[in-house]
Amino acid sequence: MADPDAVVIGSGPNGLVAANLLADAGWQVVLLEARPVPGGAVRSDRGVDAAYVHDVFSAFYPLAAASPVIRRLRLEDHGLRWSRAPVTVAHPLTDGRCAVLAADPEATAASLERFAPGDGAAWLRLCRLWERIGDDLLDCLFTPFPPARAAGRLAVRLGYAEGLRVARTMVLPARRLGEEEFAGAGGRLLIAGNALHADLAPESALGGGFGWMMCMLGQKYGFPVPRGGAQALTDALVSRFTAHGGVLRCGQEVTEVLVRGGRAVAVRTVDGTLVGARRAVLAALPAPVLYERLLPREALPERLRSDLRRFQWDFSTVKVDWALARPVPWAVEGPRTAGTVHLADSVDELTLLAAQIAMRQVPSIPFTVFGQMTTADASRSPAGTESAWAYTHVPQDIAGDAGGDGITGRWDEREKEAIAARIEAQVERYAPGFTASIRARRILAPPDLERLNPALVGGAINQGTTNLHQQLVFRPLPGTGRPSTPVAGLYLASATAHPGGGVHGAPGANAARTVLSAHRLLPGLRRGRSRG
């Protein structure tokens, strides 16, 4: 059998997007996946209770809904259907107040006005700004760096003075942006809570801009979920790829990229199989995994190897899945119809969590992102029940436990039970009686997440910190903001490349477009050619 034009390593969303775009251009593509099933961090199962569908890793997909990369693939033609909860995000407080991020900006504004007079109007001002610049900001995010065209449009639209003010807003920490815009806690918590979907503490630069962007996406697109489970998104990407002649091979872990004459020419799998690549190898793997495990040392410059030692992973993650016998008994109305619920009683509580992680301590009060999947998609569990999950962040390297349970990072059964109990106690603060509704439970500590998806190194779900020092031209390493690598014919297509984590397909698309541009096939894509 002749060698394919390209080999793509890794069938997460970025690998699948890259493979689809290459197949669209008429290339013969082989996609190799180490795990028995495709999808990377976009998978679902019935492993908690046979009657309940749970997403194993990621669950809500506002970036996918907003991504022009995903939209152009027309995955609805391959069975994908989106579902949304009536309310996007709720952030309840123990005093009975609740901030609500709704599809209607006026409804969001009304919830914030109850925290402080004038905060509703402040929210609507931020919405109007997003309406002016949001599309161009997303184009800056989803196109290769530097995003010259989108940035140029922004510059023309805003002018010099206003452009500087918007740029300042985008790099503000979440705490500072919240304090400048809102008098009450509601708006501040929506911004800061959404920033901590990444590893952006309330005091981190970029947190304000990222939190604002997530709020605006949630308001415009919701936090949608694939009907039937996250696996439906993967299945649609696979269906489209194979319909266009692509070949997917699962259970084929790549252990080596072969380099001859300074060029990537093939990959070797764990069983010794050699798969040649006539034109390109695209690695939808974390950059440290690619550079340190798959390539010969002599293929990389010393400067890159030195920079790799400075690469920073994002926070580790602990996730708990529950099969609940009934809906969550929230003490206030706001969370009852929300797909996502943020559980922290103040921005100060978020700062405490981030500070404890910075000190390598397991946080005493876990900021909990809680997902109500049946509320978002009724097919996930029997009527009158709830398929639910929550995650929280912990340090990559644990030196102590601020919560007093002696968690050391061994993540044996005792430590997993201890962190799960801490998360459940946090839920009980806002939903008394929650634990009485649990039928079954699954605890995924950082080693479990990495075992199930080796790309989640140490339980890092964003493949590297989202902080400013590892974004743009610094992602994944200084001067490597584009998909090309020091090895000719080898391209980085993972979330360690610009623009980073989240299910939006941009790193994979950027890599595929760079490959095709090198082979003078990009003009056809620019005209929007797609075979659906």
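Buried means under 20% relative accessible area, exposed means over 50%, and partly exposed lies in between, with a 1.4 Å probe and protein chains only. Tryptophan 411 is buried, at a relative accessible area of 10%.

This is a predicted model, in which local features need pLDDT of at least 70 and side-chain atom pairs count only at pLDDT 80 or more, while totals for chains, interfaces and linings use all residues. Residues are numbered from 1 along each chain as its sequence is written, and side-chain values use heavy atoms, with hydrogens and water left out.

**Backbone exceptions**

Tryptophan 411 also has a positive phi of about 55°, although it is not a glycine. Tryptophan 411 sits in the loop between strand E19 (400-401) and helix H15 (413-430). Helices (H or I, at least four residues) and strands (E, at least two) are DSSP runs, numbered from the N terminus.

Glutamine 463 is another non-glycine with a positive phi, about 55°. Its loop runs between H16 and E21. Glutamine 463 counts as buried, at 10% relative accessibility.

Two peptide bonds are cis. One runs from arginine 475 to proline 476, with omega near 0°. Proline 476 is in the loop between helix H16 (446-452) and strand E21 (490-492). The other runs from histidine 498 to proline 499, with omega near 5°. Proline 499 lies in the loop between E21 and helix H17 (506-518).

**Helix H1**

H1 covers residues 13-24. Its twelve residues should span 16 Å at 1.5 Å a residue, and its end C-alpha atoms are 16 Å apart, which agrees. The expected span is 1.5 Å times one less than the number of residues in the helix.

How many of the twelve residues of H1 are buried? Twelve of the twelve are, so H1 is largely enclosed by the rest of the structure. Among the buried residues are Asn14, Gly15, Ala18, Leu21 and Leu22. The buried residues of H1 pack against strand E1 (6-9), strand E2 (29-32), helix H3 (68-72), H10, strand E13 (280-283) and H17. Just after H1, glycine 26 takes a positive phi of about 90°.

**Helix H13**

H13 (residues 347-358) has twelve residues. From first C-alpha to last it reaches 16 Å, close to the 16 Å expected at 1.5 Å a residue. Its buried residues are Val347, Glu349, Leu350, Leu353, Ala354, Gln356 and Ile357. An α-helix has 3.6 residues a turn, so residues three or four places apart point the same way. The cover over the buried residues of H13 includes helix H7 (174-181), helix H8 (185-195), strand E16 (361-362), strand E18 (386-394) and H15.

**Two helix pairs**

Axes are lines fitted to C-alpha atoms, for helices over the stretch in contact, and angles run from 0 to 180 degrees between N-to-C directions.

| Helix pair | Angle | Axis separation |
|---|---|---|
| H1 (13-24) and H10 (231-243) | about 25° | 9 Å |
| H5 (119-142) and H6 (148-171) | about 105° | 11 Å |

Angles under 35 degrees count as roughly parallel, over 145 as roughly antiparallel, 65 to 115 as roughly perpendicular and the rest as oblique.

H1 packs against H10 at about 25°. That makes H1 roughly parallel to H10. In the contact, residues of H1 including Leu16, Val17 and Asn20 meet residues of H10 including Leu237, Val238 and Phe241. Contact means heavy atoms within 4.5 Å. By class, this contact has eight nonpolar, two polar and two charged residues. Ala, Val, Leu, Ile, Met, Phe, Trp, Tyr, Cys and Pro count as nonpolar, Asp, Glu, Lys and Arg as charged, and the others, Gly among them, as polar.

H5 packs against H6 at about 105°. That makes H5 roughly perpendicular to H6. Residues of H5 including Leu129, Arg132 and Asp136 meet residues of H6 including Arg153, Leu154 and Glu162. The contact of H5 with H6 divides into ten nonpolar, no polar and six charged residues.

**Around isoleucine 461**

Glutamate 450 is in helix H16. At 27% relative accessibility, glutamate 450 is partly exposed. Its C-alpha atom is separated by 9.4 Å from that of isoleucine 461, eleven residues apart along the chain. Not counting residues up to four places away in sequence, glutamate 450 touches Leu456, Val457 and Gly458.

Serine 58 and isoleucine 461 are 403 residues apart in sequence, but 8.7 Å apart in space, C-alpha to C-alpha. Serine 58 lies in the loop between strand E4 (54-55) and helix H2 (62-66). With residues up to four places away in sequence left out, serine 58 touches Ala41, Val42, Ala230 and Val503.
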